[in-house]
Amino acid sequence: MIDRPANGSGNAEAVYADIDAATRRLMAALDALESSVERRREADRDENELASRIQALGTDRSRLADELDGSLVKTRRLERANREISEKLDAAIGTIRAVLDAGEGS
């Protein structure tokens, strides 16, 4: 059996003090938990935003790679056309010189 003082009020005060202390600890723990949950939500939002940015960068990278490939093809075509024009100009210059040389020789 539990020994209780005859007055009983001293024990009740101790019990209420214990309950009050436990309530304060519980409230502090709940506040800490709430803060932790909010930090986690912010971290999740940051993570989702980062994932969206990474996806956008991947999309941009793919688009830029496609544009670069197209530019390389176009550059090669232009280089080929430049060589062909240069060869034709060289042939035309050679023909003109031959005509001029033949005209001076007559």
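The structure is a predicted model, in which local features need pLDDT of at least 70 and side-chain atom pairs count only at pLDDT 80 or more, while totals for chains, interfaces and linings use all residues. Residues are numbered from 1 along each chain as its sequence is written, and side-chain values use heavy atoms, with hydrogens and water left out.

View A. Helices (H or I, at least four residues) and strands (E, at least two) are DSSP runs, numbered from the N terminus. Helix α1 covers residues 9–105. Of the chain's 106 residues, 0% count as buried. The accessible surface comes to about 9700 Å², and carbon and sulfur atoms hold 56% of that area; areas come from the Shrake-Rupley method with a 1.4 Å probe, and for residues only the protein chains shown count as cover.

**View B. D20 and R24 join their side chains in a salt bridge.** A salt bridge here is a side-chain nitrogen of Lys or Arg within 4 Å of a carboxyl oxygen of Asp or Glu. By this rule the chain has seven salt bridges. For D20 and R24 the N to O distance is 2.9 Å. The two residues are four apart in helix α1, so about one helical turn separates them. D20 is partly exposed at 39% relative accessible area, whereas R24 counts as exposed at 51%.

**View C. R40 and D44 form another salt bridge.** Their closest N and O atoms are 3.1 Å apart. D44 and R40 are four residues apart in helix α1, which means a separation of about one helical turn. D44 has 29% relative accessibility and counts as partly exposed.

**View D. A network of salt bridges links E38, R41 and R45.** R45 is partly exposed, at 46% relative accessibility. E38 is also partly exposed, at 32%.

**View E. K74, R77, R80 and R83 form a positive surface patch.** Patches are made of residues with over 30% relative accessible area and no salt bridge, with like charges joined within 9 Å. Lys and Arg count as positive, and the place of a charge is taken as NZ of Lys or CZ of Arg. R80 lies in helix α1 and is partly exposed, with a relative accessible area of 43%.

Conventions. Patch = residues over 30% accessible without salt bridge, like charges linked within 9 Å, V, L, I, M, F, W, Y side chains within 5 Å. Buried < 20%, exposed > 50% of the residue type's maximum accessible area, 1.4 Å probe, protein only.
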